[in-house]
Amino acid sequence: MNKNRIDVKIETKKGSMDEWPEPIVRVQSLAESNLSSLPDRYIKPASLRPTTTEDAPTATNIPIIDLEGLFSEEGLSDDVIMARISEACRGWGFFQVVNHGVKPELMDAARENWREFFHMPVNAKETYSNSPRTYEGYGSRLGVEKGASLDWSDYYFLHLLPHHLKDFNKWPSFPPTIREVIDEYGEELVKLSGRIMRVLSTNLGLKEDKFQEAFGGENIGACLRVNYYPKCPRPELALGLSPHSDPGGMTILLPDDQVFGLQVRKDDTWITVKPHPHAFIVNIGDQIQILSNSTYKSVEHRVIVNSDKERVSLAFFYNPKSDIPIQPLQELVSTHNPPLYPPMTFDQYRLFIRTQGPQGKSHVESHISPR
């Protein structure tokens, strides 16, 4: 059996992981039907609705960190940059990076190739339809709970690593350059993620390769989810993506720098992120929170939508090898700072997420060991 897939048939009270619990409706189709109101399934409870949608972002923004000069042949070489990353990981869980080493032309090409794909007619994309077992392919919902509240977005999910899961037949073939561009883009983001992992380890007083070793060395997982948020007739009632923290290790987001959408929870306030041109947004996932014994924080975030503009973003996920138990590192626990989390593989944790869909921070908090 392939250990990187969950191949056994899983039945839960929420439904089967082999199929969606009800017919899939493409949000793009709804957006193109000139609705004047939202279907009930997309209307969020009053407590979850965004307070603002198309207003300009507040003056507060997540930290923007210039990585130029940080990485050299001699190793990590700038204490000021290191300290800024440490502060961001402990206090925000999010930060933007510039001068990160990925060519702006490649970033633009990646986003625009996917925009062109999503502009194809819906029926042309149906050949890539996905299932909740792996999410791989063209999708429109997360979680298998029948009758659940839905988000105003479509997406495409694909595997980059490990290599035996990377199947070009499940990647789009249009536009003609998309596979080549995304392959190069994925390779560059794997490199960038490895560099940031060294910083995260070193900032905790560990060997710089400690986090990488805990993730499986070179045998990590990497995948991409491209999010398409069509225009929404009532954006004040809906969300493009419900509040959640990312279940994996680290996420590197290429946002739509022309349309704001990502909101990060900071001190019980939703901060609308203003993307810096050709910056990546980095956020700490649940697996790194667990490894660091909650020194680094995975933070709740969500996506708002827009009545005038569509939005496309690319979320790259850098994850542990799926069958390695993840638990707080021994160097970070003591009698005065006991481990907060029991061991759990990423496969086990990911299955929990896929069953329930976005649920704020409840997934990682429910994983905390009883005292």
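**Close-up views of a predicted model**

**View 1. Strand S11 (residues 250-254) with its side chains on both faces.** Met 250, Ile 252 and Leu 254 point one way from S11, while Thr 251 and Leu 253 point the other way, and all are buried. Buried here means under 20% relative accessible area, exposed means over 50%, and partly exposed lies in between, with a 1.4 Å probe and protein chains only. In a regular strand, side chains alternate between the two faces of the sheet. S11 is mostly covered, with 5 of its 5 residues buried. Strands, like helices, are DSSP runs numbered from the N terminus: at least two residues (E) for a strand and at least four (H or I) for a helix.

A quick note before the next views: this is a predicted model, in which local features need pLDDT of at least 70 and side-chain atom pairs count only at pLDDT 80 or more, while totals for chains, interfaces and linings use all residues. Residues are numbered from 1 along each chain as its sequence is written, and side-chain values use heavy atoms, with hydrogens and water left out.

**View 2. The two partners of S11.** Which strands flank S11 here? S11 is joined to strand S14 (residues 280-284) by 4 bridges, and the two run antiparallel. Thr 251 has Asn 283 as its bridge partner in S14. With strand S16 (residues 311-319), S11 pairs in the antiparallel sense over 5 bridges. There, Leu 253 has Ala 315 of S16 as its bridge partner. Two strands are said to pair if DSSP finds at least two bridges between them.

**View 3. The open sheet of 8 strands.** The strand order is S3-S6-S14-S11-S16-S9-S8-S7, and the pairing is mixed. S3 and S7 are the edge strands, each pairing on one side only. On average, neighbouring strands of this sheet are turned by 25° against each other, direction ignored. Such angles are taken between N-to-C directions and run from 0 to 180 degrees, using axes that are lines fitted to C-alpha atoms, for helices over the stretch in contact. Helix H2 (residues 79-91) packs on the sheet and touches S3, S6 and S14, its direction making about 155° with that of S3. Strand S6 (residues 94-98) pairs with S14 in the antiparallel sense over 4 bridges, and Phe 95 has Val 282 of S14 as its bridge partner.

**View 4. Strand S8 (residues 154-161) between S7 and S9.** Is S8 enclosed or open? Because 8 of its 8 residues are buried, S8 is largely enclosed by the rest of the structure. Strand S7 (residues 137-139) is joined to S8 by 3 bridges, running antiparallel. S8 is also joined to strand S9 (residues 221-229), by 7 antiparallel bridges. Follow Tyr 156 to see both links: Tyr 156 is the bridge partner of Tyr 138, and Tyr 156 stands opposite Val 226 in S9.

**View 5. The open sheet of 4 strands.** Its order is S10-S15-S12-S13, with antiparallel pairing. Strand S10 (241-244) and strand S13 (269-272) stand at the edges, each with a single partner strand, so one side of each is left without a neighbour in the sheet. Strand S12 (residues 262-266) is joined to S15 by 3 bridges and the two run antiparallel; Gln 263 has Arg 302 of S15 as its bridge partner.

**View 6. Helices H3 (residues 104-118) and H5 (residues 178-202) crossing.** The two axes come within 9 Å and cross at roughly 135°. H3 and H5 are therefore oblique to each other; angles under 35 degrees count as roughly parallel, over 145 as roughly antiparallel, 65 to 115 as roughly perpendicular, and the rest as oblique. Residues making the contact include Leu 106, Trp 114 and Phe 117 of H3 and Ile 178, Tyr 185 and Glu 188 of H5. Contact means heavy atoms within 4.5 Å.

**View 7. Asn 293 in its loop.** Asn 293 sits in the loop between helix H7 (286-291) and strand S15 (301-303). At 5% relative accessibility, Asn 293 counts as buried. The Asn 293 side chain reaches the backbone oxygen of Pro 338 at 3.1 Å. Leaving aside neighbours within four places in sequence, Asn 293 is in contact with residues including Pro 328, Leu 332, Asn 337 and Tyr 341.

Key. Polar contact = N/O pair within 3.5 Å; in protein donor to acceptor, adjacent residues only side chain to side chain.
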